[in-house]
Amino acid sequence: MRRQTLGRRGEDFAAEHLTGLGWTILQRNWRCSHGEIDIIATTPGTGTVVFVEVRTRSSISAGHPLESIGTRKAARMRRTAGAWLSQQPHFIPSFRIDVIGLVWAGETPELTHLEGLE
Amino acid sequence: MSTATTAGPRTVELGRAQAIALSGLDGTTVAVEASVNPGIPGIEVVGLPDASVNESRKRIRAALSNLGVRLKAMRYTVSLAPGSVRKVGSGFDLAIAMAILGAEGVVDPTRTAGAVFCGELGLDGRLVPVPGVLPTIVSGLRAGFTHFVVPAGCAAEAHLVPGAQVLPVASVAQCAVHFGATMDAPPVRVVEDREAGHGQRPQVHDLAVVQGQDDARFALEIAAAGGHHLLMTGAPGAGKTLLAGCLPGILPPLGEQAAVEVLALASLAGTFSAHDVPPLPPYETPHHRTTTAAMLGSSRPNSVGVLSRAHHGVLFMDEAPEFSRDVLEALREPLESGWCRVSRSWGSVDLPSRFQLVMAANPCPCGAGEAGRSGCTCTPHDRRRYRSRLSGPLLDRIDLRLDMLPVTPADVHARAQRETSEQVRARVIEARRIQAERYAGVDWETNGQTPGGWLRGHFRFAAHETRLLDRGLETGALTMRGYDRVLRVATTIADLRGAQRPGADELGAALLLRTQEG
């Protein structure tokens, strides 16, 4: 499986997983000059806007996918999220950034959902 | 599926261990805690770690992974409390690793919480010796801990402290198994302490090889017996350096308390070697371009200066006037108090430094020697300026000031057998024994540290005994301070002779050993 294909499939799987939890997907692969956001969704109930970065790996031989989020990537995601927020017509009272790590070693991937990136 | 998304109360599993943060010879107990929480995977150390402590994250990660302990894809937060104390050095590795293993549930945190760990990790999990194990254990005992885990290479050092239950371990796996882990602890080669890492001890000579210089030999014996500081002035080749090199050989052996202090300082400096137990009196010969920071130490945390390395031993400053003025003036407080108190931007440290000072100086900058001899090109002004480099306050603290004459042909051809260091040392030990009896109730040990007033009160000299000294005082040839110095030296001469008290003879002899007034 090619790298992009794995990443794409991981994003699809994560989006399905979030929909299954009752989340509403607003946008996928939103781009701006600062970077890209894989999934933008709202949670049920509170309606918090969540920017989701999905990281997929086929094994953990090179470490867990979540470990690949460094301080630079986190800062870039904050900037990108800020750019999206500034383009919205309405005020958005609450938002956060999540990371989903997928290890796709067997048939079904193992999913780790990290809420609220610091 | 991960459980990280489910929030709510859960039983908190913290890993705990103890460590000691040293500042000089004093240590503060550091409680190491580790917690596993959702977050970007990795290890985070909080609580004022310095760069070397922060790097331990990488060593621990690699070492645990190589042992087959796979850390969860979660955030490990390690806290070193109290957070206000600076943590320096790689010795925290083992404590942090054990706290993390406790948080993982691999070892029993309730058992590791009561033990003090110290040691640096190699990438394969072996434990590398660290400096300061001895003061760490002494501080830990004082703080109420009894169990200590140290690298196997430091076992000899750790076992020197009575009352401590020491567990030497060769690897982190062996340590983990001891604290309840079920894992393979493959035997590893014990990493030994480095052998004599800091160069050789300067050569100590035997008095038997010294030709002539009877006065100087006598002065050296007095210096050794009474712990007096000594300044030798004389032409090059008169034997100043050789004589100074004989002093460590005639000093009495270190007492138990002194030996522990010397070893603790060696341990802190990273020069501890099991071959040095029991230790000899230290002997330090700094070069004359040595800086003040190197002499005082503590330029970096836990660095030990030359003055402290000479604690309970001899500090020999050859070519004393060539030392920078800063260094010479920095000697004053340690000479007075026996401590190096240094405050730097990162903190303040007290290290003991009660040494015996021996200085050697040429009479003039050209070194050609004695007044009246041919070859000296120095003007009187040059000579005076050279002498004035050793300031009055410094010279005040030196009891014995000796002018040495060049060796004569008669001395060279003398066939008489000279006394060996061993014979002289026997007399010195006896003189120290007498002093120990005399000073049993007070807080100094040798004549060199005794206030003159105490001696005057103790011996109650008759006027006929001190006639020469009184005369010197009258004419202004002796100051009151100089007067007291003569009394101290005279007392040592009496102790060496086995006399009950210094009489007119001893006082006269002591007066003769004072060649510079003041």
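1. What distance separates the centres of domain 1 of chain B and domain 2 of chain B, taken over C-alpha atoms? The two centres are 40 Å apart. This is a predicted model, in which local features need pLDDT of at least 70 and side-chain atom pairs count only at pLDDT 80 or more, while totals for chains, interfaces and linings use all residues. Residues are numbered from 1 along each chain as its sequence is written, and chains are lettered from A and ligands numbered from 1 in the order in which they are written.

2. The domains of chain B. The assignment for this chain gives domain 1 (15-178) and domain 2 (207-211 + 227-415), the bounds coming from an automatic or database domain assignment. The contact between them takes 16 residues from domain 1 of chain B and 16 residues from domain 2 of chain B, where two residues are in contact if their C-beta atoms, placed from the backbone, lie within 7 Å. On the side of domain 1 of chain B that touches domain 2 of chain B, at least two residues each are supplied by β1 (15-23), α4 (133-142) and α5 (155-158) of chain B, and α4(B) gives the most, with four residues. Helices here (H or I, at least four residues) and strands (E, at least two) are DSSP runs, numbered from the N terminus. The residues on this side of domain 1 of chain B divide into ten nonpolar, four polar and two charged; Ala, Val, Leu, Ile, Met, Phe, Trp, Tyr, Cys and Pro count as nonpolar, Asp, Glu, Lys and Arg as charged, and the others, Gly among them, as polar.

3. Chain B as a whole. Chain B has 21 helices and 16 strands, and its C-alpha atoms fill a box of roughly 100 × 50 × 45 Å, taken along the principal axes. Of its 518 residues, 45% count as buried; a residue is buried if 20 or more other C-beta atoms lie within 10 Å of its own, exposed if 12 or fewer, and partly exposed in between, with C-beta atoms placed from the backbone. Among the contacts in chain B with a separation of 6 or more, 75% are accounted for by residues 24 or more positions apart.

4. The largest nonpolar core. This core has 157 residues, and those with the most contacts inside it are Leu94(B), Ala97(B) and Met98(B); a nonpolar core is a set of buried Ala, Val, Leu, Ile, Met, Phe, Trp, Tyr and Cys residues joined through C-beta atoms within 7 Å. Helix α2 (residues 93-104) of chain B contributes the largest share of this core, nine residues, and the core draws at least three residues from each of domain 1 and domain 2 of chain B. Not counting residues up to four places away in sequence, Ala97(B) touches Ile60(B), Ala63(B), Leu64(B), Leu121(B) and Val172(B).

5. Helix α17 of chain B. At 1.5 Å a residue, the 18 residues of this helix (residues 421-438) should span 26 Å, and the end C-alpha atoms are 26 Å apart, which agrees; the expected span is 1.5 Å times one less than the number of residues. Buried in α17(B) are Ser421(B), Val424(B), Val428(B), Ala431(B), Arg432(B) and Gln435(B). These residues lie on the same side of α17(B) because they cover an arc of only 105 degrees around the axis, the arc being that of the directions from the helix axis to the C-beta atoms. On the other side of α17(B), Glu422(B), Gln423(B), Ala426(B), Arg433(B) and Glu437(B) are exposed, whereas the buried residues of α17(B) pack against α7 (214-226), α8 (240-250) and α20 (480-497) of chain B.

6. Backbone points to check in chain B. The peptide bond from Ala81(B) to Pro82(B) is cis, with omega near 0 degrees, and Pro82(B) sits in the loop between β4 (75-81) and α2 of chain B. Glu319(B), although not a glycine, has a positive phi of about 55 degrees; Glu319(B) is placed in the loop between β12 (314-317) and α12 (325-330) of chain B and is partly exposed, with 17 other C-beta atoms within 10 Å. Arg460(B), also not a glycine, has a positive phi of about 45 degrees; Arg460(B) is in the loop between α18 (452-459) and α19 (467-475) of chain B and is exposed, with 9 other C-beta atoms within 10 Å.

7. The contact between the chains. Eleven residues from chain A and ten residues from chain B take part. On the side of chain A that touches chain B, the largest share, four residues, comes from strand β5 (residues 110-114) of chain A, and the residues of this side divide into four nonpolar, four polar and three charged.
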